[in-house]
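Biologist: I'm new to this one. Please walk me through it.

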Amino acid sequence: MTARRAGFVTLLGAPNAGKSTLLNRLVGAKVSIVTPKAQTTRTRVLGIRIHGAAQVVFVDTPGIFEPRRRLERAMVRRAWRSAGDADIVVLLVDAARRAGAREAHIAASLKAGGGQSVLALNKIDLLPRERLLVRADQLYQTGAFSDVFMVSALTGSGVDDLLTHLSERMPEGPWLYPEDELSDAPLRFLAAEITREKLFLRLHDEIPYDIATETADWQEFDNGDVRIDQTVYVRRPSQRAVVLGKGGARIRAIRLAAQKDLADALHRPVHLFLTVRVREGWPEDPARFRDLGLDYDA
């Protein structure tokens, strides 16, 4: 009988590298929200995949960037802490984006940490192979990486090879989670994240970054239906008006989109109710940091 293996793989990278999309692809289910906007992921998101005799626990992290606000500093610290706790770190790089100092800095930090990480070039369908090889060689020459993979998180190209490699490198030991579990996040949190995703997709400029979502109530009925009440917090009254939209049209569209995704995820009818409230200081509220698993004093 093949010995079981289990371990943690942290997905690290700059904002918009495609970490959440890759996590969902690796797990085979949507456990992390995805938007085109940078810094969508605010805390550690965990996804679990069994591959052969290995249980691989993937950790999606906030993007590594130059933080300005307290919340951003806490997000970046959370990402580096997850990298330090991992059995393997995968640095995901957007191959279609021009090479910059940010990836070089992350690679240097990983090398200084003493571990051998895995480099994954993402969005390979957008570049010719010659340019991909040059980009891969530039980063490989930093000495931070033991292996290089080329993937497309969107189409799945190359992802199975990456998954097999990571599974084989997991340390021997018992599985860490029940075999039917895809994430350790509570359903209330996942539901709130789905609504936040729809808010990000339908709002522009800085407003999405001033928004928080919270599941206030969850009721299950005998017929299988679920009623979910959520609160959307914004920092200013003017933002509340934007989120609501003319005659409530925007928040209605957001509610319907989130309700559909929730029904698909829960495999039963969902009745979602949203309330938009102004809470000026929510990004500085220590309780919010605790809820997200972030260090308030970062």
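Modeller: Helices (H or I, at least four residues) and strands (E, at least two) are DSSP runs, numbered from the N terminus. With that, β7 and β8 form a hairpin with 5 residues between them. In its turn, G224 has a positive phi of about 100°.

Biologist: Before more of that, what kind of model is this?

Modeller: This is a predicted model: local features need pLDDT of at least 70, side-chain atom pairs count only at pLDDT 80 or more, and totals for chains, interfaces and linings use all residues. Residues are numbered from 1 along each chain as its sequence is written, and side-chain values use heavy atoms, with hydrogens and water left out.

Biologist: Good. How many helices and strands are in the chain?

Modeller: There are 9 helices and 9 strands.

Biologist: And how does the radius of gyration sit with a compact globule?

Modeller: It agrees: a compact globule of 298 residues would be near 19 Å, and the chain has 20 Å. The radius is taken over C-alpha atoms, and the globule rule is 2.2 Å times the number of residues to the power 0.38. Along the principal axes, the C-alpha atoms fill a box of roughly 55 × 45 × 40 Å.

Biologist: What share of the residues is buried?

Modeller: 49% of the 298. Buried means under 20% relative accessible area, exposed over 50%, and partly exposed in between, with a 1.4 Å probe and protein chains only.

Biologist: Which sheet are they in, and in what order?

Modeller: An open sheet of 3 strands, in the order β7-β8-β9, with mixed pairing. β7 (212–220) and β9 (270–278) are the edge strands, each with a single partner, so one side of each has no neighbour in the sheet. Neighbouring strands are turned by 20° against each other on average, direction ignored. Angles run from 0 to 180 degrees between N-to-C directions, and axes are lines fitted to C-alpha atoms, for helices over the stretch in contact.

Biologist: Which strands does α7 lie across?

Modeller: α7 lies across β8 and β9, at about 155° to β9. α8 lies across β7, β8 and β9, at about 135° to β9.

Biologist: Where do α7 and α8 stand to each other?

Modeller: Their axes come within 5 Å and cross at roughly 60°. α7 is residues 237–244 and α8 is 249–266. V242, V243 and L244 of α7 meet A249, R250 and I251 of α8; contact means heavy atoms within 4.5 Å. That makes 5 nonpolar, no polar and 1 charged. Here Ala, Val, Leu, Ile, Met, Phe, Trp, Tyr, Cys and Pro count as nonpolar, Asp, Glu, Lys and Arg as charged, and the others, Gly among them, as polar.

Biologist: Now the other sheet. What's the strand order with 6 strands?

Modeller: β2-β3-β1-β4-β5-β6, open, again with mixed pairing. β2 and β3 pair antiparallel over 7 bridges, with V45 partnered by D60 in β3. Helix α3 (residues 101–112) lies across β1, β4, β5 (117–122) and β6, at about 170° to β4.

Biologist: Why is α1 largely enclosed?

Modeller: Because 7 of its 9 residues (19–27) are buried. Those are K19, S20, L22, L23, N24, L26 and V27. The cover includes β1 (5–12), β2 (45–51), β3 (54–60), β4 (88–94) and α5 (159–168). Just after α1, G28 takes a positive phi of about 85°.

Biologist: What does the side chain of N24 reach?

Modeller: The backbone oxygen of S32, at 2.8 Å. That's a polar contact: a pair of N or O atoms within 3.5 Å where, within protein, one must be able to donate a hydrogen and the other to accept it, and residues adjacent in sequence count only if both atoms are side-chain atoms. N24 has a relative accessible area of 13%. Leaving aside neighbours within four places in sequence, N24 is in contact with A29, K30, V31, S32 and V34.

Terms used: Pairing = 2+ DSSP bridges.
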